[in-house]
Amino acid sequence: MKKQFTTLFNLFLVITLVSCAGKQQNILETSEPQVKLRSMQSRVFDITDQNRLLRTIIATFQDLGFVIDDAEESLGTVSGTKRSGYSLRMTVSIRPRGTRQMIVRSNIQFNLQTIEEPEPYQYFFSTLSKALFLEAQPIK
Amino acid sequence: MRSHRIFKICLIFICLGAFVVACETNIYKEALTLSPESLKDRQLQTRIFDSIEESEILTASAAVLQDLGFSIDETEVKCGVIVCSRDRDVTETVEVVLSITLEILSILAGHPTSVPYDQTQKVLASLVTTPVDNQKIAVRITFHHMVWDSDGNITKNEQVHEPQIYQEFFSKLSKSVFLVAHEI
């Protein structure tokens with residue numbers, strides 16, 4: 001009887017450990033390949049003024065009804081959350097590309113799910129383009 | 001006959017799936033494109049201050065937010081950003097009495113039910129300054145409030161659109177700018 005309980009205990013222990021390992025793997029899990037994801041989430045703008053670009057991203061966030069969570073000029077990142085019965089969290093980062101352009105990359109989380117479809121990113125970059133009076137070019 | 005039934009059930013699930021996908025797409029469009037109200041909101045949430053440095057208006061703004069009981073969570077002076085929040089108890093005696101009465105009545109009726117009441121509120125605010133012209137600074141603030149009931153569920157989670165809230169804030173900020181300018 002004792003042996004049966006020990007076997008059962010060991011079995012549950014193994015199941016628990018396997019399920020924990022599965023959750024840890026989820027930390028870095030994405031459904032789309034890295035290159036495709038970067039291309040979907042990034043656009044190139046013909047702008048060199050990093051401060052102006054960051055300020056325009058912040059203004060766009062406010063126009064869209066986001067609450068700014070964090071902004072960091074030296075890293076070139078802005079994060080914000082829109083709550084309207086749902087929670088839409090966005091982080092936008094910028095970095096120079098050559099001497100005349102900047103790459104803007106955004107990632108969106110809807111409730112507890114990372115968005116890996118192109119449409120939401122297209123909507124955001126279209127709105128940002130209008131605010132910057134510049135065309136958002138796909139990354140090549 | 002049976003296969004026909006299975007086909008119908010599958011069709012219902014496909015339609016439901018399509019409906020959910022369509023709803024999510026609409027949410028993204030609504031969330032990430034400008035609405036007709038966005039210009040009105042911008043006007044409501046923005047004031048322009050003359051003859052002042054950006055650092056001075058940020059100092060004055062932080063002081064007003066502290067006057068109003070907000071805790072400063074994040075600042076980035078180079079981008080003109082202040083992020084702050086305030087928690088407070090919004091329990092009202094009338095609501096608590098009503099809740100207890102309804103719970104007692106539900107027990108007496110044989111169907112015990114929990115009747116929650118609003119308990120805590122969190123107000124989030126992000127203030128952003130932008131130089132618009134020579135010696136002119138635009139200050140834009142957005143308030144967002146969330147309310148939790150006694151069961152811990154969120155009952156309100158929305159942006160604040162009431163004009164008087166913004167008018168009151170900017171009235172206090174104008175006074176604070178004066179006080180900062182005079183080092184009071």
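A residue counts as buried if 20 or more other C-beta atoms lie within 10 Å of its own, as exposed if 12 or fewer do, and as partly exposed in between, with C-beta atoms placed from the backbone. By that rule, buried residues make up 29% of the 140 residues in chain A and 20% of the 184 residues in chain B. This is a predicted model, in which local features need pLDDT of at least 70 and side-chain atom pairs count only at pLDDT 80 or more, while totals for chains, interfaces and linings use all residues. Residues are numbered from 1 along each chain as its sequence is written, and chains are lettered from A and ligands numbered from 1 in the order in which they are written.

- Chain A has 4 helices and 7 strands; helices (H or I, at least four residues) and strands (E, at least two) are DSSP runs, numbered from the N terminus.
- Along the sequence of chain A, these elements follow the pattern α-α-β-α-β-β-β-β-β-α-β.
- Of the contacts in chain A between residues at least 6 apart in sequence, 47% join residues at least 24 apart; two residues are in contact if their C-beta atoms, placed from the backbone, lie within 7 Å.

**Helix α4 of chain A and the residue after it**

- Helix α4 of chain A (residues 118-132) has 15 residues and should span 21 Å at 1.5 Å a residue, which agrees with the 21 Å between its end C-alpha atoms; the expected span is 1.5 Å times one less than the number of residues.
- In α4(A), the residues A:Pro120, A:Tyr121, A:Phe124, A:Phe125 and A:Leu128 are buried.
- They cover an arc of only 125° around the axis, so they lie on the same side of α4(A); the arc is that of the directions from the helix axis to the C-beta atoms.
- A:Phe133 follows α4(A) and has a positive phi, near 55°.
- The loop between α4 and β7 (137-138) of chain A holds A:Phe133.
- A:Phe133 is exposed, with 7 other C-beta atoms within 10 Å.
- From A:Phe133 to A:Leu88 the separation is 45 residues in sequence and 25 Å in space, C-alpha to C-alpha.

**Chain B: layout and a hairpin**

- Chain B has 5 helices and 6 strands, in the order α-α-β-α-β-β-α-β-β-β-α along the sequence.
- Of the contacts in chain B between residues at least 6 apart in sequence, 57% join residues at least 24 apart.
- Strands β5(B) and β6(B) run antiparallel and are joined by 5 bridges; two strands pair if DSSP finds at least two bridges between them.
- B:Trp148 stands opposite B:Ile154 in β6(B).
- The hairpin of β5(B) and β6(B) has 4 residues between the strands, and B:Gly152 there takes a positive phi near 85°.

**Where the chains touch**

- The contact takes 27 residues from chain A and 26 residues from chain B.
- The elements of chain B that each supply at least two residues to its side include α1 (2-32), α2 (38-45), β4 (118-133) and β5 (136-149).
- Helix α1(B) gives the most to that side, with 6 residues.
- The residues on the side of chain B that touches chain A divide into 10 nonpolar, 9 polar and 7 charged; Ala, Val, Leu, Ile, Met, Phe, Trp, Tyr, Cys and Pro count as nonpolar, Asp, Glu, Lys and Arg as charged, and the others, Gly among them, as polar.
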